[in-house]
Amino acid sequence: MYWAIDVETGGLDAKRDPLLAIGMVPVRAGRIRLGECYRTLVRPHAGTRITSASVTAHQLVSNDFEAAPPLGDVLPEVERRAREGALLFHHAAIDVAFLRRDFARTGLTWPSCPVVDTARLLVRHAQLRDPTRPRDHIALNLSVARAELGLPEYQAHDALSDAIATAELFLALRMALGARTLRDLR
């Protein structure tokens, strides 16, 4: 059981920029379960800034967060889902840095579940196909990687759409790599 997860943030600095949105979708028995997805905006702490680049990318402005739940209400929902299996990210280091920071800020313990990173799986897949291919010539952008594998295009920078895109990419890569278990993916 996997939960594909994506977060949208108010910038790229995990030390100061806020988490703005979370999208999660489960992958059970090789199927993406859209009816069980989780999506929420997150109300940033008072006084935190949202960069202009973030506003442009996510099309979210301060007024969008007025009715959004605070982190303290959102992160237990993430934790509950994470206890069901592994978390699935695209470029895990970025999203995990924000989530770990916010789990600590709210007094919660980061879940001790496995983390699978589709960006790492892309590297593994590319090197299996062409061991001479330089690592810096491997497409790690989610949209580009999906296009190379013949997956449909989605609008980027929406937490739930990106989580679904990550789940689909994961299933395609798992098949291409012949991975059957979590151990095969690590």
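Helix α6 (residues 159–177) is mostly covered, with 14 of its 19 residues buried; buried here means under 20% relative accessible area, exposed means over 50%, and partly exposed lies in between, using a 1.4 Å probe and protein chains only. This is a predicted model, in which local features need pLDDT of at least 70 and side-chain atom pairs count only at pLDDT 80 or more, while totals for chains, interfaces and linings use all residues. Residues are numbered from 1 along each chain as its sequence is written, and side-chain values use heavy atoms, with hydrogens and water left out.

The length of α6 can be checked on your screen. At 1.5 Å a residue, its 19 residues should span 27 Å, and the end C-alpha atoms are 26 Å apart, which agrees; the expected span is 1.5 Å times one less than the number of residues. Just after α6 comes Gly178, with a positive phi of about 70 degrees. Helices (H or I, at least four residues) and strands (E, at least two) are DSSP runs, numbered from the N terminus.

Now turn to strand β5 (residues 86–89). Ala86 and Leu88 point one way from β5, Leu87 and Phe89 point the other way, and all are buried. On pairing, β5 joins strand β1 (residues 2–9) in the parallel sense over three bridges, where two strands pair if DSSP finds at least two bridges between them. Ala4 stands opposite Leu88 of β5. Strand β6 (residues 115–117) also pairs with β5 in the parallel sense, over three bridges, and there Val115 is the bridge partner of Leu87.

Follow the chain from β5 through helix α3 (residues 92–105) to β6, and you trace a right-handed β-α-β unit. Right-handed means that, with the strands pointing away from the viewer, the path from the first strand over the helix to the second runs clockwise.

Next is Thr118, in helix α4 (residues 118–129). Thr118 counts as buried because its relative accessibility is 0%. Leaving aside residues up to four places away in sequence, Thr118 touches Leu88, Phe89, His90, Thr166, Leu169, Phe170 and Leu173, a contact being heavy atoms within 4.5 Å.

Finally, what about the cysteines? A search of the whole structure finds zero disulfides, a disulfide being a pair of cysteine sulfur atoms within 2.5 Å. For Cys37, the nearest cysteine sulfur is that of Cys113, 19 Å away. Cys37 counts as partly exposed because its relative accessibility is 31%, whereas Cys113, at 15%, counts as buried.
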